[in-house]
Amino acid sequence: MWGRNIARYTNVLTNVYTINNSVKVQRTLQTLINSKRTVKRELSTQLLEEKHGTSDDRKPKKLADCSTFTYRTHTCGDLRSEHIGQTVVLCGWVQYARLSKFLLVRDSYGLTQCIVNNADINITVLPLETIVKVTGTVVSRPKDMHNREMATGEIEVSINKLEILNEVSKLPFNLRNYQKPKEQLRLQHRYIDLRFPEMQNILRQRSTILHSMRRFLVEEHNFVEVETPTLFCRTPGGAREFVVPTHHSGLFYSLVQSPQQFKQMLMAGGIDRYFQVARCYRDETTRPDRQPEFTQLDIELSFTSLDGIINLIELLLRKTCNHNIPKSSFNRITYKEALESYGTDKPNMKYDMKLKNVTDLFSQSTDTNFGAFILPYPSKLGKLTAKYKEKIHDIRKKYNVKVVLNENISKEIGQDTSNKIKSVTEGNDIVLSLGDYENVCLCLGEIRELLAAILKSKNLISFNENIEPIWIIDFPLFVKAENGLETCHHPFTAPHPDDLHLLDTDPLKVRSLAYDIVLNGHEIGGGSVRVHNPQLQEKILKMLNIDPSKLSYFMNALRSGCPPHAGIALGIDRLVAVLCNAESIRDVIAFPKSHDGKDPLSGAPNKISDEDQKYYHIKSIET
């Protein structure tokens, strides 16, 4: 834009100069012409840098030396033209061998082409992925053979000595992107899968993010990193936990599902700014965004509020993630708004398809939980195929509600009501759902995701590729359960102060001081203001049918003068997966479990011997 403006003003001043021939105008004109030339040079340089990288990019960056304490002198991504003439030692895997002369060596940092000039060195017998040590001299490639696609493409290493450090006998698959095997085989041989550049990049990016988070919390805000136990006792009212037998008959540990109670007791102990990169365990169904063991950044803070924690996390993400995190405050919507607009409490904001509430268009039902919602979508999609209709039918059965597709609306609900509904859809086709209010919303939320995927595949919907974080607040404190009440988050979440009067009369209407942060449809963190008052905590536990005496140690901590506090846990696996555009959190974990919760590498979980069963006083029941 600046270049175009200079051109415009230059043309105007040229005309003025032609008429007036003033010295002042002449000087101004010359200044603008010079500025125009400068902008042209800068734009040309910028375009070259975007295409090929800056000259600094093509030179070794001043980073920490990755070869200290090793017998290599450089990595396979280090060497540039300034190293020409130096004797170097490289170590890595054989990536490729060609014409008995060219050897491509790869390590975790890049590729270097090596050239054989010695008849005694035979590279044709080297299997791919063999580990070698190359000693040689850095030489320049012929100018017409520079490889702009490689960071080391201006040089090669003339081999003086080649040592085989470990020759490959057999590989289950080749390290070629176009030959990538199925996930199960890659997980079974994860030590090979980790060599793919994308896996290297993801794990290093994950490490950088965690390092930046630690620096932010410790160096800038004086948080204290405290490790809490993994072996603990059963937590009432939480997710299902793994049990760990001991050699004491009938006594078991539980693996912690989170450090929740420990971090609250740290607040009681005066560690007022705590964090931990914590390993957590839950015996739950494995999904693309869930594992039986996972990592979270756990944070707790005394004398703070909901706004205090939210401001902390927004600043943390901006400073540590190095992505397009918005500079302004993240949007906040209530749980009710999220449910009624997107059909979920973790909405994907990358596309703009919202539910519409049309309950008022239907005759009032005696059921106060009745709801009617529609999901408009572009009519260009046309009729859905039988395959997708079947998927929608399965979703409907899951939530036990009625679903009517666009072509059947008039027949199912009558022409008058159909016309009223279609008058607010702006020409879009719709899916209608009727039934229990919450289930209707949840059902359409899943259908929304399904339709968005179809629309995206046909380029009928635009997706915003930016990171779109959003806070969900005002969750209900309780949800209805078969035997009474269940907590929406966990039993230590504080009720909203404006709703305290409803605890005894209408507990399902009590909001909580809980908050979730959602990125592009993935919940990457959640927390709450905690109950620090022991009387209120005891009351809530009893409402949940949890015996407070089973948490006597925790209740005593609250009675000891525990300060008001709040906290959050960020799911590191989900966060890194979103930032790296990974399809599953398994892609950002070094050694993940498979979709069925098993370890393909070792075969765990495994049976244990009769001797071990006797030692731990357990007996397996065959089913």
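Over which residues does pLDDT stay under 50, with 22 contacts beyond four places in sequence? The answer is residues 1–29; pLDDT is the predictor's confidence in each residue, from 0 to 100, and a contact means heavy atoms within 4.5 Å. For residues 31–61, pLDDT likewise stays under 50, and the model has 28 such contacts there. Across the protein, the mean pLDDT is 88, and 88% of the residues reach 70 or more.

This is a predicted model, in which local features need pLDDT of at least 70, side-chain atom pairs count only at pLDDT 80 or more, and totals for chains, interfaces and linings use all residues. Residues are numbered from 1 along each chain as its sequence is written, and side-chain values use heavy atoms, with hydrogens and water left out.

Let us turn to His-189, which lies in the loop between helix H4 (183–188) and H5; helices are DSSP runs of H or I with at least four residues, numbered from the N terminus. His-189 counts as buried because its relative accessible area is 16%, where buried means under 20%, exposed over 50% and partly exposed in between, with a 1.4 Å probe and protein chains only. Leaving aside residues up to four places away in sequence, His-189 touches Pro-172, Phe-173 and Leu-601.

Helix H5 (residues 190–193) holds Tyr-191, which is partly exposed because its relative accessibility is 46%.

Finally, consider helix H14, residues 534–543. Its buried residues are Pro-534, Gln-537, Ile-540, Leu-541 and Met-543. After H14 comes Asn-545, with a positive phi near 60°.

How values were computed:
Helix = DSSP H or I, 4+ residues; strand = E, 2+ residues; numbered from the N terminus.
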